[in-house]
Amino acid sequence: MTHDRNFDALADQFERRIYGSVKGELRLELLKEDLAGVHASTPMDVFDAGCGLGQMSAWFAQGGHRVTACDISEKMLVKTRETLKRHGCDAVLHHAPAQHVAATLPPQDLVLVHAVLEWLAQPLASLKAIERTVKPGGYLSLLFFNRHGFVYRNALHGTWRLDYLLDESWIGKGKKLTPPHPQDPDALVAWLETHGYMIERHTGIRVFYDYLGDDVLAQSDLDKLLTLERRYCRRPTFRNMGRYIHILARKRDG
């Protein structure tokens, strides 16, 4: 992929497949748990870099925070406006790449980069451009599609996928909603620490759910499965096997 992914053509499918489901609800719940302490603080400047459907923008705006949000998809921004209106709050919205908007902003208390890196043509270079706006002592919240989980899930399916996994030609292949640049959580943690961040929360999103077939899910008690998810999602052995990973990092002062 030579350019950042624009979801104009897939906005409705994205909304239905990702957030109109149990797995989408679990993702939002775990994000809010990780960010609860930051959300409860005095009003902050928050930059939602790639706001998608606007759930996190609305949550922080409802909490009294000053929110700036952007997306390269005009249709996603329409959905964000609808979300904000539905929740009775507002934010400053930009139809532009997050890298460009970040360069125009004053230092921010919190920058959200949720389900964005894996769709960018140059993930780490873009992250560097975005994270520069985090003020010393401020927070960077990263949610990303996990390379480990992607390998494991495809390995469980076996057949032709094994050859793709062995020569790594699977990167950039697959369905329209399969991100082309899944990220290695260990590499991102190292990147953050090198760039002056301390890791405060590290959570696996769907460490079991996405590995169960539809037939198994149909026979399983959903409440028990979700309880199991919450029990193990932050344990080191399991968290890096989540379909997505959330890392909340704080920038060191000075």
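**Group meeting talk: cores, strands and helices**

Let's start with one residue. Setting aside residues up to four places away in sequence, V113 touches A49, I130, L140, S141, L142 and L143. Touching, or contact, means heavy atoms within 4.5 Å.

Some ground rules. This is a predicted model, where local features need pLDDT of at least 70, side-chain atom pairs count only at pLDDT 80 or more, and totals for chains, interfaces and linings use all residues. Residues are numbered from 1 along each chain as its sequence is written, and side-chain values use heavy atoms, with hydrogens and water left out.

Back to V113. Its place is strand β4. Helices (H or I, at least four residues) and strands (E, at least two) are DSSP runs, numbered from the N terminus. Is V113 buried or exposed? V113 is buried, and its relative accessible area is 1%. Buried means under 20% relative accessible area, exposed over 50%, and partly exposed in between, using a 1.4 Å probe and protein chains only. Now look at G50. V113 and G50 are 63 residues apart in sequence, yet 6.6 Å apart in space, C-alpha to C-alpha.

Next, the cores. A nonpolar core is a set of buried Ala, Val, Leu, Ile, Met, Phe, Trp, Tyr and Cys residues joined through side-chain atoms within 4.5 Å. The largest one has 27 residues, and F47, V113, L140, L142 and L192 have the most contacts inside it. Which elements each supply at least two residues of this core? They are β1 (45-49), α5 (98-102), β4 (108-114), α6 (123-131), β5, α9 (185-194) and β7. Another core lies apart from it, with 18 residues, among them L28, M56, F60 and L112. In soluble globular proteins, nonpolar side chains tend to be buried together.

Take L192. Leaving out residues up to four places away in sequence, L192 touches L140, L142, Y197, I199, I247 and A249.

Now strand β7, residues 244-251. Seven of its eight residues are buried, so β7 is largely enclosed by the rest of the structure. What does β7 pair with? Strand β5 (residues 134-145) pairs with β7 in the antiparallel sense over seven bridges. Two strands pair if DSSP finds at least two bridges between them. In that pairing, F144 stands opposite I245 in β7. Strand β6 (residues 197-205) also runs antiparallel to β7, and eight bridges join them. Here M198 stands opposite R250 in β7.

Last, the helices. Helix α2 covers residues 22-39. The axes of α2 and helix α3 (residues 55-62) come within 12 Å and cross at roughly 30°. Axes are lines fitted to C-alpha atoms, for helices over the stretch in contact, and angles run from 0 to 180 degrees between N-to-C directions. L28, K32, L35, A36 and H39 of α2 make the contact with Q55, M56, W59 and F60 of α3.

On the α2 side, V22, L26, E29, L30 and E33 meet L222, L226, E229 and R230 in α11.

H39 is buried, with a relative accessible area of 17%. What does H39 contact, leaving aside neighbours within four places in sequence? H39 is in contact with W59, F60, G63 and H65.
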